Amino acid sequence: MRHTPHFLLTERDEIRRLIRDNPWVTIVSSTATGLVASHYPFLLDEEASTGDEVVVVSHVGRPDERLHELGEHEVMLIVQGPHGYVSPAWYPEGQNVPTWNHITAHLWGRPEILDFDENYRVLEHLTDHFEQHVEGGRSLDLDEEGARRLSKGTVGIRIRIDRVDARAKLSQNKPAEVRERVIAELEGDGPYAQPALAAEMRRRVELDAAAVAADPATPTDGAHTPATTPTETAE
């Protein structure tokens with residue numbers, strides 16, 4: 001991602017929340033035959049993801065484990081949160097450059113290949129995690145023999161994240177009244193309404209306010225580092 005220090009997202013709790021709320025993840029590998037990308041649901045390994053640690057689990061369908069050369073090298077995961085177009089019509093007169101607000105994390109780590117039983121436990125966890133929100137949700141336990149047979153077509157992985165590059169670009173470099181106008185437009189019924197993005201912007205405003213209340217010297221740019229420029233950026 002573009003180097004934008006004033007939009008850096010560094011808080012591990014916020015990165016873990018981003019993964020929890022946006023489990024559909026892109027996995028990218030640089031292989032002997034070139035770049036390979038796939039898309040799978042990833043969940044946090046909650047027990048392992050403490051302190052600064054971020055650990056995720058998932059599975060891939062065969063033969064993706066060979067296409068990605070999983071376990072042989074580092075991979076990159078792309079976690080995309082709410083995002084949306086921001087029109088300059090929402091800014092004061094004289095500001096005519098549009099932008100795109102977003103929350104995105106790039107995560108790097110080397111996958112650990114799970115054995116058959118651990119892979120099945122991950123599949124159970126994935127199923128139960130999503131089915132808990134469905135009335136009459138199903139469990140693999142309803143047909144464990146059949147589920148275990150089908151699981152042979154998948155490969156479970158665990159990735160301990162070694163590097164993180166995350167951005168929360170939420171109009172932090174704009175005055176409070178402009179941020180409120182952007183939020184209002186995103187919450188509205190216009191062509192670029194994005195309520196989830198508006199909610200993230202409001203959350204960031206609240207986090208900044210709490211940080212200032214705790215320490216009045218804290219910068220309010222969303223990353224708790226000084227904003228380097230007031231200029232709107234595309235990243």
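Student: Are Glu11 and Arg204 buried or exposed?

Tutor: This is a predicted model, in which local features need pLDDT of at least 70 and side-chain atom pairs count only at pLDDT 80 or more, whereas totals for chains, interfaces and linings use all residues. Residues are numbered from 1 along each chain as its sequence is written, and side-chain values rest on heavy atoms, with hydrogens and water left out. Taking buried as under 20% relative accessible area, exposed as over 50% and partly exposed as in between (1.4 Å probe, protein chains only), both Glu11 and Arg204 are buried.

Student: How many residues apart in sequence are the parts that Glu11 and Arg204 tie together?

Tutor: A salt bridge requires a side-chain nitrogen of Lys or Arg within 4 Å of a carboxyl oxygen of Asp or Glu, and Glu11 forms one with Arg204, their closest N and O atoms being 3.3 Å apart. Glu11 lies in the segment before helix 1 (12-21) and Arg204 in helix 6 (residues 195-214), so the parts tied together are separated in sequence by 193 residues. Helices here are DSSP runs of H or I with at least four residues, strands are runs of E with at least two, and both are numbered from the N terminus. The value asked for is therefore 193 residues.

Student: Which helices does the salt bridge between Glu14 and Arg203 tie together?

Tutor: The side chains of Glu14 and Arg203 meet at 2.5 Å, N to O.

Student: Which residues are linked with Glu14 and Arg203 in a network of salt bridges?

Tutor: Glu14 is buried at a relative accessible area of 10%, whereas Arg203 is partly exposed at 28%. The network that contains them also includes Arg17, Asp21 and Glu200.

Student: What is the relative accessible area of Asp208?

Tutor: Asp208 meets Arg179 in a salt bridge of 4.0 Å, N to O, which links helix 5 (residues 176-187), where Arg179 lies, to helix 6, where Asp208 lies, 29 residues away. Arg179 counts as buried at 8% relative accessibility. Asp208 is buried too, and its relative accessible area is 3%.

Student: Which residue in strand 9 is the bridge partner of His106?

Tutor: Strand 9 (residues 163-169) has five of its seven residues buried, so the rest of the structure largely encloses it. Strands pair if DSSP finds at least two bridges between them, and seven bridges join strand 9 to the antiparallel strand 6 (residues 99-109). The partner of His106 in strand 9 is Asp165.
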